[in-house]
Amino acid sequence: SRRPHQLPGRFLMSVPSLATIADLTARMGDVGDVSRAMARLADASALIRAEASPEDWLDGAGLLESVPPLIVTICCGVAQRVLDNPAGLSAESLGT
């Protein structure tokens with residue numbers, strides 16, 4: 001059965017990110033624009049949840065359960081990569 005955050009019409013309901021700003025700051029230092037960093041953590045969390053489905057680390061009420069440390073690390077790594085390189089540049093795209 002679907003949980004409240006998965007009900008039709010509520011699937012896009014905001015769910016907690018799998019990592020916090022504090023987690024991200026511990027790994028990269030100053031995150032700069034906190035709103036942007038939070039959005040990137042939410043984006044990374046959505047990608048992780050899509051791959052890990054049906055696991056979403058949410059309880060029946062849609063509240064965050066304990067997230068494994070590896071998942072927090074992956075979430076922060078994805079967010080940091082986008083924050084550090086917003087244009088998505090790579091050595092190949094730079095011609096090196």
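# Helix packing and one loop, by question

Visitor: Where does E65 lie?
Guide: Helix 2 covers residues 34–52, and helix 3 covers residues 69–84. Helices are DSSP runs of H or I of at least four residues, and strands are runs of E of at least two, numbered from the N terminus. E65 lies in the loop between helix 2 and helix 3.

Visitor: What kind of model is this?
Guide: Residues are numbered from 1 along each chain as its sequence is written, and side-chain values use heavy atoms, with hydrogens and water left out. Local features need pLDDT of at least 70, side-chain atom pairs count only at pLDDT 80 or more, and totals for chains, interfaces and linings use all residues, for this is a predicted model.

Visitor: How many helices and strands does the chain have?
Guide: Along the sequence the pattern reads α-α-α-α. The secondary structure comes to four helices and zero strands.

Visitor: Is E65 buried, exposed or partly exposed?
Guide: Buried means under 20% relative accessible area, exposed over 50%, and partly exposed in between (1.4 Å probe, protein chains only). The value for E65 is 40%, so this residue is partly exposed.

Visitor: Which residues does E65 touch, beyond four places away in sequence?
Guide: Contact means heavy atoms within 4.5 Å. P16 is 49 residues from E65 in sequence, with the C-alpha atoms 9.8 Å apart. Leaving out residues up to four places away, E65 touches W57, L58 and D59.

Visitor: What is phi of W57?
Guide: W57 lies in the loop between helix 2 and helix 3. W57 counts as buried because its relative accessibility is 10%. Most residues other than glycine have a negative phi. W57 has a positive value, near 60 degrees.

Visitor: Which residues does the cis peptide bond join?
Guide: Most peptide bonds are trans. P54 is in the loop between helix 2 and helix 3. Omega is about 15 degrees in the cis bond joining S53 and P54.

Visitor: Which side chain of opposite charge is nearest to R49?
Guide: Lys and Arg count as positive and Asp and Glu as negative, with His and the chain ends not counted. A salt bridge is a side-chain nitrogen of Lys or Arg within 4 Å of a carboxyl oxygen of Asp or Glu. R49, in helix 2, is buried yet has no salt bridge. At 5.5 Å, the nearest side chain of opposite charge is D56.

Visitor: Are helix 2 and helix 3 parallel, antiparallel, perpendicular or oblique?
Guide: Axes are lines fitted to C-alpha atoms, for helices over the stretch in contact, and angles run from 0 to 180 degrees between N-to-C directions. Under 35 degrees is roughly parallel, over 145 roughly antiparallel, 65 to 115 roughly perpendicular, and the rest oblique. The two axes are 8 Å apart, at about 125 degrees. Helix 2 and helix 3 are therefore oblique.

Visitor: How are helix 1 and helix 3 placed relative to each other?
Guide: Helix 1 covers residues 21–28, and its axis comes within 10 Å of that of helix 3. The axes cross at roughly 70 degrees. That makes the two helices roughly perpendicular.

Visitor: Is the crossing of helix 1 and helix 3 left-handed or right-handed?
Guide: A crossing is left-handed if the near helix is turned anticlockwise from the far one by less than a right angle, and right-handed if clockwise. The crossing of helix 1 and helix 3 is right-handed.
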